[in-house]
Amino acid sequence: MKKDECIFCKIANGKIPSATLYEDRNFRVVLDVGPATKGHALILTKEHFDDIFDIDAETAGRLFSLASVVARAMKKVLHCDGMNVLQNNGSIAGQTVFHFHLHLIPRYEGDSVQITWPQGTLEEETKEELIQLIKKEI
């Protein structure tokens, strides 16, 4: 996607108004317009990255550092009981806007948000194969 067509690029770079909580030269943190819970925020990169497979490690590191600061501020102000930090990559994983962004979703006792999956089993043979194959690529 071209940067000039990306809605999150437009929001991150101030071309579309947003409920901005924080901004610096790399990121904009905004309240989600379709929140899962009160205080649901998005951390947007100002530079366009499609997903986690596209973002460089240095930017990702700065983003997660910012996420911890914002999450602590949100917990203090919102008095939430917990928080989901969520990032989807690819349509199959639920990504609907193809611009890297991180969700900070405050959780409250009794809310109706469902972010769960049935637990599988890690088979010994599969485990060893995955360890060897992925280690080679890291």
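Student: How much space lies in the largest pocket?

Tutor: This is a predicted model, in which local features need pLDDT of at least 70, side-chain atom pairs count only at pLDDT 80 or more, and totals for chains, interfaces and linings use all residues. Residues are numbered from 1 along each chain as its sequence is written, and side-chain values use heavy atoms, with hydrogens and water left out. On a 1 Å grid over the protein atoms alone, a pocket is an open set of points where a 1.4 Å probe fits, with protein on both sides within 12 Å along at least five of seven lines; a volume is the space filled by probe spheres set on the points, which are joined across faces, edges and corners. For the largest pocket that space is about 290 Å³.

Student: Which element gives the largest share of the lining of the largest pocket?

Tutor: Lining residues have an atom within 4 Å of a point, and there are 20 of them here, with F8, I11, D32, V33 and L42 nearest the centre. Helices (H or I, at least four residues) and strands (E, at least two) are DSSP runs numbered from the N terminus. At least two lining residues each come from α1 (7–12), β2 (27–31), β3 (41–45) and β5 (101–107). The largest share, three residues, belongs to α1.

Student: Is A41 buried or exposed?

Tutor: A41 lies in strand β3. Leaving aside neighbours within four places in sequence, its contacts (heavy atoms within 4.5 Å) include V29, M74 and L102. Its relative accessible area is 0%, and buried means under 20%, exposed over 50% and partly exposed in between, with a 1.4 Å probe and protein chains only. A41 is therefore buried.

Student: How many disulfides does the structure hold?

Tutor: A disulfide is a pair of cysteine sulfur atoms within 2.5 Å. The count for this structure is zero. C6 is in no disulfide, and its nearest cysteine sulfur, that of C9, is 3.8 Å away. The number of disulfides is zero.
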